[in-house]
Amino acid sequence: PKVATHPIERKAHTAFMQRINTEFAGCLGDVAVAEAGYAFENLIAAHPEINPYHEDNRHPCLAGTYLVACVLYSTIFGESTKGIPYTAELSCADKLKAIADATVLEGLVPDLS
């Protein structure tokens, strides 16, 4: 049987992520935190036509998974994903790379207003 799920409330979820990331950063010191959740929110704000979620609205689809991979790359290597040729055959790959780079390298945090 399916478990009943509820849609994520964006602002509450983003506020939760910000609180958790701040707490992790305080506990871990210089360890980098991959801001994949922020990247999802930044993507939705900048490109609402790209849905990073699977039809259940909780798990990532291919575009969301690709976005997370780009966030991990930028977090681990501290460099842009722009030159990476792999696109997972996604027409929106360049937009996903740009959002990942802005989130990680420019510190773009979702707006809660």
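Visitor: What makes F77 count as exposed?

Guide: F77 has 52% relative accessibility, and exposed means over 50% (buried is under 20%, partly exposed in between, with a 1.4 Å probe and protein chains only), so F77 counts as exposed. Bear in mind that this is a predicted model, where local features need pLDDT of at least 70, side-chain atom pairs count only at pLDDT 80 or more, and totals for chains, interfaces and linings use all residues. Residues are numbered from 1 along each chain as its sequence is written, and side-chain values use heavy atoms, with hydrogens and water left out.

Visitor: And why is Y73 called partly exposed?

Guide: Its relative accessible area is 24%, which falls in between the two cut-offs.

Visitor: Why is the pair of F40 and Y53 called edge-to-face?

Guide: Rings of Phe, Tyr and Trp (its six-membered ring) pair if their centres lie within 6.5 Å; planes under 30 degrees apart are stacked, over 60 edge-to-face, the rest tilted. The F40 and Y53 centres are 5.2 Å apart with planes at 65 degrees, so edge-to-face it is. Both F40 and Y53 are buried.

Visitor: What makes the pair of Y73 and F77 tilted, then?

Guide: Their centres sit 4.8 Å apart and the planes are at 45 degrees, so this pair is tilted.

Visitor: How do you know that helix 3 is oblique to helix 4?

Guide: They pack at about 40 degrees, axes 9 Å apart. Under 35 degrees would be roughly parallel, over 145 roughly antiparallel, 65 to 115 roughly perpendicular, and the rest is oblique, so helix 3 is oblique to helix 4.

Key. Axes are lines fitted to C-alpha atoms, for helices over the stretch in contact, and angles run from 0 to 180 degrees between N-to-C directions. Helices (H or I, at least four residues) and strands (E, at least two) are DSSP runs, numbered from the N terminus.
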